[in-house]
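Hello,

Here is the structure that you are taking over. My notes on it follow below.

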Amino acid sequence: MLQHEFWLNLEYTWLAEQIGATWLFPLFNSLHVLSITLMLGSLLMLDLRLAGVAANVYPYRTLSRDFLPWVWLAFAIAVVTGLGLFITRASAHVLNPAFQWKMLLMLAAGLNMLLFHLRGKRLAEHWDRSRPMPWSMRITGMASLLLWAGVMLGGRWMGHII
Amino acid sequence: MTELSIQLLSTVPGLPPVLQTVHLLGLAMLMASAVMMDLRLLSLAGRGQQVQEMLQRLFPWVFWALPIMLVSGLPFLLARPQRYLNNPVFAYKAAFLCLALIVTFLLWLGFRRGVTQQRGWPIKALALVSLVAWVMTAMSGRWIAYADYLFWPG
């Protein structure tokens with residue numbers, strides 16, 4: 001599946017050729033990095049609150065109401081620019097172990113988020129005010145940090161393998 | 001120092017991407033904290049939180065990120081000084097960084113004196129300059145590798 005010519009065909013689409021041959025590539029790359037740092041930094045604030053390390057004066061929901069929209073906005077920009085970069089060298093990227101790790105870790109981070117939501121529904125309604133946080137929430141916060149740091153490492157390592 | 005940096009970066013397996021990731025994680029700490037403070041001062045984000053309390057909480061992250069950025073970035077500069085010092089984009093990065101540091105320091109002074117509480121126009125202006133300066137520092141950092149797109153090698 002990873003050897004399929006579909007990935008090669010992506011590289012010959014009009015859009016991929018436009019991005020790859022012009023200053024759009026560095027522009028997308030820098031916007032990708034910028035949005036990722038903003039996304040991870042905002043997520044860091046939320047995850048550290050979950051872990052009980054920072055901003056304990058606020059209920060988790062006060063912080064998530066403030067920060068989560070920025071996390072999602074930055075994530076959306078990172079996905080769009082990331083896809084733009086990906087299609088310029090799709091067939092090489094899908095075979096790149098660093099890229100494969102990055103995707104797996106991102107999937108794991110998504111599953112962790114899903115577990116977080118399911119767990120949040122089952123806890124008492126005001127769990128987000130409790131100090132200390134329930135253990136399940138502390139673990140999910142720390143896991144999110146580690147997984148996303150791993151995603152970043154995988155993304156950065158990709159460029160060293162090609 | 002140059003020899004040591006070249007030695008480390010070329011012999012320790014995986015050191016360049018790991019150091020660059022540390023640089024990026026430091027950037028995430030710094031950017032999100034600085035940008036969130038700036039957006040809060042401009043009333044664009046974090047309205048559920050008190051200004052002074054938020055600044056007190058986030059300033060240390062900016063200040064702690066700076067030595068991390070320096071330690072993880074300096075080996076690359078030392079290993080290939082001519083790649084950076086002859087690069088006009090690196091000059092832009094240095095200039096934006098200086099501006100960002102100065103403005104952040106001024107905001108910190110304002111915070112210490114309680115001026116940030118009222119958020120008058122000078123504070124808002126500083127917050128806007130800080131926001132632009134940090135974003136441009138990060139952007140020009142990435143563009144160092146792409147200087148050829150901007151300045152045709154002659």
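**Two helices of chain A**

In this predicted model, helix 2 (residues 14-21) of chain A packs against helix 4 (residues 60-88) of chain A at an angle of about 95 degrees, and their axes are 8 Å apart. Helices are DSSP runs (H or I, at least four residues) numbered from the N terminus; axes are lines fitted to C-alpha atoms over the stretch in contact, with angles from 0 to 180 degrees between N-to-C directions. Helix 2 of chain A is therefore roughly perpendicular to helix 4 of chain A, a term that covers 65 to 115 degrees. A:L15, A:A16, A:I19 and A:G20 of helix 2 of chain A meet A:G84, A:I87 and A:T88 of helix 4 of chain A, where contact means C-beta atoms, placed from the backbone, within 7 Å.

**How to read the model**

Residues are numbered from 1 along each chain as its sequence is written, and chains are lettered from A and ligands numbered from 1 in the order in which they are written. Local features need pLDDT of at least 70 and side-chain atom pairs count only at pLDDT 80 or more, while totals for chains, interfaces and linings use all residues.

The predictor gives the complex an ipTM of 0.85 and a pTM of 0.89. Chain B has an average pLDDT of 91, with 98% of its residues at 70 or above; pLDDT is the predictor's confidence in each residue, from 0 to 100.

**Between the chains**

On chain B, 26 residues are in contact with 26 residues of chain A. Helix 2 (15-41) of chain B and helix 6 (121-143) of chain B each give two or more residues to that side, and helix 2 of chain B has the largest share, 14 residues.

A:S42, in helix 3 (residues 24-50) of chain A, touches B:A32 and B:M36 as well as A:F67, A:W70, A:V71 and A:A74, leaving aside its neighbours within four places in sequence. A:S42 is buried, with 28 other C-beta atoms within 10 Å; the cut-off for buried is 20 or more.

Leaving aside neighbours within four places in sequence, B:W134 is in contact with B:M31, B:A34, B:V35 and B:A100.

Regards

Notes. Two residues are in contact if their C-beta atoms, placed from the backbone, lie within 7 Å. Angles under 35 degrees count as roughly parallel, over 145 as roughly antiparallel, 65 to 115 as roughly perpendicular and the rest as oblique. A residue is buried if 20 or more other C-beta atoms lie within 10 Å of its own, exposed if 12 or fewer, and partly exposed in between; C-beta atoms are placed from the backbone.
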